[in-house]
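Reader: I'd like to go through this one feature by feature. Could you show me how to read the contacts and the pockets?

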Amino acid sequence: MKIKDFTKLFKELTKDLEVNIIKESGLKIAFKIFLDLEKPNKTSRTKFIKDFLKGFNNRASVRISNKSSVKPDKIVDIIIHSRLPNLSNEEISLISSGHRVAMSAENILGHMLEEYIHMNVLEHGWTCCWGNVMKSIDFVSSKGILLQVKNRSNSENSSSSKIRVGTEIIKWHRIDANTGTTYWEKLNELIGNKTQMSEKEFSTFVKKVVKKNPNSIFIEKDSDLWKD
């Protein structure tokens, strides 16, 4: 699609949206690549924008995590106590509560990683594909570079490992699951050495997000972890 035609279409579809939301989310970059890749109809275009902004508005720094619908399996406590009989019931309960909090933290980690990268690469013509709007693609550049991001080397699932026909997707993971090595330098190189992303800065970002938005991690009100 010609730039002139794209600009006209984009203005028409986003005329009711706030300018700062369009800019901060990276919508214009992602929408252009989406049109080039998918050649979507009018309905698909509208759905893309809706899903993209829904994902952006549910990013780690603003989202509220919900209680898991999965009930704890009490037999797990029995297994732990059988192996470590010196632990008290209260200590077993703490382990169980801690495990659920850790699961909640793991669930939000991927969202934090996406938001951290997005805030660093947006000014360089990249954006996160919020809301899983493009299959197997997590980030795109205005030049059409496609990137799949994973937190760990062993976290790739079957759907994300599938290659889009006729499309080259670069893959990057933050940390090697076996060695603990992180690969921020490779990501910085991919962006064109215009960013200085690092594990230290990512850790700082995570702390700020949790401090600003503690509800990003769900902890039960009656959890033993609240006790002094």
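This is a predicted model: local features need pLDDT of at least 70, side-chain atom pairs count only at pLDDT 80 or more; totals for chains, interfaces and linings use all residues.

Reader: What do the side chains of K32 and D36 do?

Author: The general idea is that side chains of opposite charge can pair when their charged atoms come close. Here, K32 and D36 meet in a salt bridge, 2.9 Å from N to O. Both belong to helix α3, and because they are four residues apart there, about one helical turn separates them.

Reader: How many salt bridges are there by this rule?

Author: The count is four. One of them joins R174 and E199, with the closest N and O atoms 2.5 Å apart. That pair links distant parts of the chain: R174 is in strand β4 (residues 170–175) and E199 in helix α8 (residues 199–212), 25 residues apart.

Reader: And how accessible are R174 and E199?

Author: R174 is at 11% relative accessibility, so R174 counts as buried. E199 is at 24%, so E199 counts as partly exposed.

Reader: What about E115, which side chain does it meet in a salt bridge?

Author: E115 meets R59, at 3.8 Å from N to O. This pair also links distant parts of the chain, with E115 in helix α6 and R59 in the loop between α4 and α5, 56 residues apart. Both E115 and R59 are buried.

Reader: Over the face of which ring does R59 lie?

Author: R59 lies over the face of F56, 4.0 Å from the ring centre. So the arginine that pairs with E115 also has a contact with a ring, because a charge counts as sitting over a ring when CZ of Arg is within 6 Å of the ring centre and within 35 degrees of the ring normal.

Reader: On to rings with rings. How many aromatic pairs does a search of the whole structure find?

Author: The search finds 13 aromatic pairs. To read one, look at the angle between the planes: under 30 degrees counts as stacked, over 60 as edge-to-face, and the rest as tilted. F10 and F31 form a tilted pair, with 5.9 Å centre to centre and 45 degrees between the planes.

Reader: Are F10 and F31 buried or exposed?

Author: F10 is buried, with a relative accessible area of 6%, and F31, at 0%, counts as buried. Both also belong to one aromatic cluster, made up of F6, F10, F31, F34, F48 and F52.

Reader: Now the pockets. How much space lies in the largest pocket?

Author: The general idea is that rolling a probe the size of a water molecule over the atoms shows where empty space is left. In this model the largest pocket holds about 850 Å³ of space. Its lining has 32 residues, and S68, V70, P72, R100 and E220 lie nearest the centre.

Reader: Which element gives the largest share of that lining?

Author: That is α6, with twelve residues. By class, the lining of the largest pocket has ten nonpolar, twelve polar and ten charged residues.

Reader: And the second largest pocket, how much space lies there?

Author: About 730 Å³. Of the 30 residues lining the second largest pocket, E114, N132, D138, V149 and K150 are closest to its centre. The elements giving two or more residues to this lining are α4 (42–56), α6 and β3 (146–152). The largest share, seven residues, comes from α6.

Methods. Residues are numbered from 1 along each chain as its sequence is written. Side-chain values use heavy atoms; hydrogens and water are left out. On a 1 Å grid over the protein atoms alone, a cavity is a set of points where a 1.4 Å probe fits but cannot get out, and a pocket is an open set with protein on both sides within 12 Å along at least five of seven lines; lining residues have an atom within 4 Å of a point. Grid points are joined across faces, edges and corners, and a volume is the space filled by probe spheres set on the points. Ala, Val, Leu, Ile, Met, Phe, Trp, Tyr, Cys and Pro count as nonpolar, Asp, Glu, Lys and Arg as charged, and the others, Gly among them, as polar. Rings of Phe, Tyr and Trp (its six-membered ring) pair if their centres lie within 6.5 Å; planes under 30 degrees apart count as stacked, over 60 as edge-to-face and the rest as tilted. Buried means under 20% relative accessible area, exposed over 50%, partly exposed in between (1.4 Å probe, protein chains only).
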